[in-house]
Amino acid sequence: REFLCDPNLKRAVLFCGDQGAGKTTHAISTSVGRVSELGGIGLSLQDTREINLNGLFGAGRSIDVEIDRARNGYAETIIRSLRSRPKLTYFAEIREGEAAIHVLQSAGNGSPLIATVHGEGIVHTFHRLTSFCRQKDYDDRAIKSMLADSLSAIVHLKMHSQGPVKQVSVEYLLIEDKDSAVRQKISEGDFKALDDNINFQRSRG
């Protein structure tokens, strides 16, 4: 939570997990929380609107923008929206290659971007994003470089049921600016080796 609320947070934070794990709930909560506490304009980009995020939240304001597929889809909508220089952008679920490319490219604009993606785990999510980008004919070297440069964190959520009680477990990989070793593993495509970093971060709480 402290990392996600850092005023100096940059790049993309991805919430991943299976359907029903709470990805959207946590992503929206984080987005609204940052806008409310830190102020400024937050943009919500959704191709299928799941929740209306238009309005005032604490010290800031959120503007809901629907992806206009009739006008060049993601590219046109994102380019027009980012001209407003938002303090934060929330992007609903990454489902295919075009969305993945534009989210990762937009993550370098200086303000944080929060998005969701289906993934069985953090390592699996890296492979899934790679597969999405290949759909748009990006070569592996360019994809790995883009992943290494554009991400600040991946948070994996998993729902557990114990009778009538449901609990969510959280696993994460935080990628701070000083974590050159982590970014190097990503740029080399050594995603499995990231398990060591995930386990180390878990041990530190």
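Visitor: Which residues line the largest cavity, and which elements give two or more residues to the lining?
Guide: The model is predicted. In it, the lining of the largest cavity is formed by Ser31, Val32, Val35, Gly42, Leu43, Ser44, Leu53, Ser62, Leu88 and Tyr90. Two or more of these residues come from each of α1 (23-38), β2 (40-46) and β5 (88-94).

Visitor: How does the lining of the largest cavity divide into nonpolar, polar and charged residues?
Guide: Val32 and Ser31 are among the lining residues, and Val counts as nonpolar whereas Ser counts as polar. Over the whole lining, the division is six nonpolar, four polar and no charged residues.

Visitor: What is the volume of the largest cavity?
Guide: With a threshold of 30 Å³ or more, the count comes to one cavity. The volume of the largest cavity is about 50 Å³.

Visitor: At what angle do the axes of α6 and α7 cross, and is the crossing left-handed or right-handed?
Guide: The axes of α6 (residues 180-187) and α7 (residues 194-203) come within 10 Å and cross at roughly 145 degrees. The crossing of α6 and α7 is left-handed.

Visitor: Which residues make the contact of α6 with α7?
Guide: By class, this contact has three nonpolar, one polar and two charged residues. Helix α6 contributes Val182, Lys185 and Ile186, and helix α7 contributes Leu194, Asp196 and Asn197.

Visitor: What is the radius of gyration of the protein chain?
Guide: The chain has seven helices and eight strands. For 205 residues the globule rule gives 17 Å, and the value for this chain is close to that, so the chain is as compact as a globular protein of that length. Its radius of gyration is 16 Å.

How values were computed. Residues numbered from 1 in each chain as written. Predicted model: local features only at pLDDT ≥ 70, side-chain atom pairs only at ≥ 80, totals over all residues. Heavy atoms only, no water. 1 Å grid on protein atoms, 1.4 Å probe; cavity = no way out; pocket = protein on both sides within 12 Å on 5 of 7 lines; lining within 4 Å. Points joined across faces, edges and corners; volume = space filled by probe spheres on them. Helix = DSSP H or I, 4+ residues; strand = E, 2+ residues; numbered from the N terminus. Axes fitted to C-alpha atoms, helices over the stretch in contact; angles between N-to-C directions. Left-handed = near helix turned anticlockwise from the far one by under 90°. Contact = heavy atoms within 4.5 Å. Rg over C-alpha atoms; globule rule 2.2 N^0.38 Å.
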